Amino acid sequence: MKNSKDRYWDCLDQAMEASHGGRIEEALAWLEEALKANPGGAEAHNGRGEILWDEGRVEESLFEFERAIGTDPKFGTAHLNRIELLIEEAGEFETALEACDELLAGLPALPRLDRPFQAELCYLKAKALFYRDDLEGAVFLIRRAIKSGGEQGTYAAFEGHVLFEMGSYLEARRVLDRAAASEPDSPHILYGLGLVLERIAWAGDDRGSEESREQARQAAEFAFERANSLDPIQFPRPLSVSVEFFDEVIAEALDNLPRSIREYVEPVLPIGVEDFPSLDLVVGESLSPQTLGLFMGVPRTEAAPTEQVPALDRILLFKGNLEKICRDREELIEQIQITVRHEVGHYLGLDENDLERLGLA
């Protein structure tokens, strides 16, 4: 008869096999059996956490990761899973940063800080900083991750994405070109490269490049198509509609505003349409190059009572970005409606609760 230790590891093997086969309930049942054999089994708790996370049961997943860490503080995988969940699901960036710093201190009671583990911690810390809009800090940390863990597609894709968000398109291109050369079948890298090439072509910021705007545009289309062929669900081909259609949808969105709101919108009409935010906005105003819309000017609530509405007040919608996030015309129409309402709300100085109350959310 097998002892408890052997039984524990056999159950873990059965759970892994069931999980890989998509038999989730069976996998969870095997993990329960593993924990009966070894109630303090960190691997079993971590395995439950990973499965529950995939099933969208985030709070239960976090509990399991913390149980795993509690039973074995040196179990690095559970630490990394917990931190990533805090970042990606819970939005608890400060807690994640504190956990990263504690592990990076290399305390004896915690996992050994070897180079791969250090690289993963730097990568996760970079992600937390990115979500806090500390893009410079994120670039610094992801480069530390690459220095510790070597060139990896995940790290390079993230570095390229952060540089793209900073408006450093040429540098982002160099990073993603190198990553695509080493991992030519990574749809994530290819799609990111497509975004960068598209902006280089559109902005004309091709100094130091041998390609013309047209060549960059064609290269972007190829990257998008290749990403779509590799993963059509996550990376659909960008939608494209005519300017006339886009303008008609904007007009309809304005017509759908509550009557009490429409009269206040006149000073910012017509709504402007551009393909993408300019480099001046991205770099000078720290605006994401993937922003869908923008109100530029002084909100009505902040203008002095005797002050005339500034002529420079305006609303912009970014056609290319809106097309990117929509799979068909119906989705695009809905998203334009949402974006118009939000930017009108910003012009009126409304917060999210106000937008919902007035039917603008």
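Biologist: What relative accessible area does arginine 143 have?
Modeller: Arginine 143 has 35%, so it is partly exposed. Buried means under 20% relative accessible area, exposed over 50% and partly exposed in between, with a 1.4 Å probe and protein chains only. This is a predicted model, where local features need pLDDT of at least 70 and side-chain atom pairs count only at pLDDT 80 or more, while totals for chains, interfaces and linings use all residues. Residues are numbered from 1 along each chain as its sequence is written, and side-chain values use heavy atoms, leaving out hydrogens and water.

Biologist: Which side chain does arginine 143 meet in a salt bridge?
Modeller: That of glutamate 171, at 2.6 Å from N to O. Arginine 143 lies in helix α8 and glutamate 171 in helix α10 (residues 169-182), so the pair ties together parts 28 residues apart in sequence. A salt bridge here is a side-chain nitrogen of Lys or Arg within 4 Å of a carboxyl oxygen of Asp or Glu. Helices (H or I, at least four residues) and strands (E, at least two) are DSSP runs, numbered from the N terminus.

Biologist: How many salt bridges does the structure hold?
Modeller: The structure holds 22. One of them joins lysine 324 and glutamate 198 at 2.7 Å, N to O. This pair links distant parts of the chain, with lysine 324 in helix α16 (residues 319-324) and glutamate 198 in helix α11 (residues 187-203), 126 residues apart.

Biologist: Are those two buried or exposed?
Modeller: Lysine 324 is buried at 16% relative accessible area, and glutamate 198 is buried at 16%.

Biologist: Which residues are linked in a network of salt bridges?
Modeller: Arg7, Glu33 and Lys36. In the bridge between glutamate 33 and arginine 7, the closest N and O atoms are 3.4 Å apart.

Biologist: Switching to cysteines, how many disulfides are there?
Modeller: The count is zero, where a disulfide is a pair of cysteine sulfur atoms within 2.5 Å.

Biologist: What about the phi of aspartate 133?
Modeller: Aspartate 133 is not a glycine, yet its phi is positive, about 70 degrees. This residue is in the loop between α7 (115-131) and α8 (135-149), and aspartate 133 is exposed at 65% relative accessible area.
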